[in-house]
Amino acid sequence: MQFHADTAKIKRWREERHWSQEHLADLAGIGLRTIQRIEHGEKASRDTLTALAAAFNVDVMALTVDAQSEARAKEKQKIARGRAALRLSFWISFASYVFGMILFTGINITTGSYTMLPAMIWWTVGTAGHGLAVVLFELVARHKEMMSAAE
């Protein structure tokens with residue numbers, strides 16, 4: 001049976017101890033190429049992980065990736081990217097709104113009438129709606145975070 005080793009942790013622990021890959025392979029009693037494959041993300045056998053755990057003096061489970069926690073981390077990353085993208089889209093839209101309002105105000109002053117007023121009102125409504133969507137998305141994302149933290 002193959003296990004998914006936490007490659008970043010194995011490499012970090014090896015480097016923290018100032019061990020070369022060769023030294024770790026000797027300590028664990030496994031081949032150098034096996035260490036190289038594991039550090040490049042390939043799966044490892046139970047025996048290999050047991051040998052590495054003995055070399056690091058830790059439990060075998062400390063060297064494996066928990067599938068559920070990895071899935072939760074990916075979901076959090078996905079939500080964070082969505083939040084960042086939505087915020088960015090709002091600020092781009094808001095900057096366009098400010099520029100448009102300055103332009104429309106200039107047109108209204110120049111013409112001496114309020115010909116651009118309906119466009120200004122509707123653009124304000126659209127920008128407010130976009131802002132509301134950002135706020136609602138933030139609230140839902142925070143609620144999901146609190147619910148997953150409670151589990």
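This is a predicted model: local features need pLDDT of at least 70, side-chain atom pairs count only at pLDDT 80 or more; totals for chains, interfaces and linings use all residues.
Let's start with the nonpolar cores. The largest one has 18 residues, and I10, L24, L52, F56 and L63 touch the most other members. Two or more residues come from each of α1 (7-16), α2 (21-28), α3 (32-39) and α4 (46-56). Of these, α4 gives the largest share, with 6 residues. As general background, nonpolar side chains in soluble globular proteins tend to be buried together.

Leaving aside residues up to four places away in sequence, F56 touches I10, W13, R14, R17, W19, L24 and L63. Apart from this core there is another, of 5 residues, including Y97, F104, M116 and M120.

While we're on α4, have a look at T48, which is found in that helix. Is T48 buried or exposed? Its relative accessible area is 11%, and the cut-off for buried is under 20%, so T48 is buried. Its contacts, again not counting residues up to four places away in sequence, are I30, T34 and I38.

Now over to α6. This helix has 34 residues, which at 1.5 Å a residue should span 50 Å; the C-alpha atoms at its ends are 49 Å apart, so the two values agree. Which residues of α6 are buried? They are M120, T127, G131, V134, E138 and A141.

With a relative accessibility of 7%, T127 counts as buried. Beyond residues up to four places away in sequence, T127 touches F90, F94 and Y97. And Y97, you'll recall, is among the members of that other core.

The largest pocket has a volume of about 230 Å³. It is lined by 11 residues, and R72, E75, K76, K144 and S148 are the closest to its centre. Where does the lining come from? Both α5 (67-111) and α6 (117-150) supply at least two residues each, and α5 gives the most, with 6 residues. And what is the lining like by class? There are 7 charged residues, 3 nonpolar and 1 polar.

Terms used
Residues are numbered from 1 along each chain as its sequence is written. Side-chain values use heavy atoms; hydrogens and water are left out. On a 1 Å grid over the protein atoms alone, a cavity is a set of points where a 1.4 Å probe fits but cannot get out, and a pocket is an open set with protein on both sides within 12 Å along at least five of seven lines; lining residues have an atom within 4 Å of a point. Grid points are joined across faces, edges and corners, and a volume is the space filled by probe spheres set on the points. Helices (H or I, at least four residues) and strands (E, at least two) are DSSP runs, numbered from the N terminus. Ala, Val, Leu, Ile, Met, Phe, Trp, Tyr, Cys and Pro count as nonpolar, Asp, Glu, Lys and Arg as charged, and the others, Gly among them, as polar. The expected span of a helix is 1.5 Å times one less than its number of residues. Buried means under 20% relative accessible area, exposed over 50%, partly exposed in between (1.4 Å probe, protein chains only). A nonpolar core is a set of buried Ala, Val, Leu, Ile, Met, Phe, Trp, Tyr and Cys residues joined through side-chain atoms within 4.5 Å. Contact means heavy atoms within 4.5 Å.
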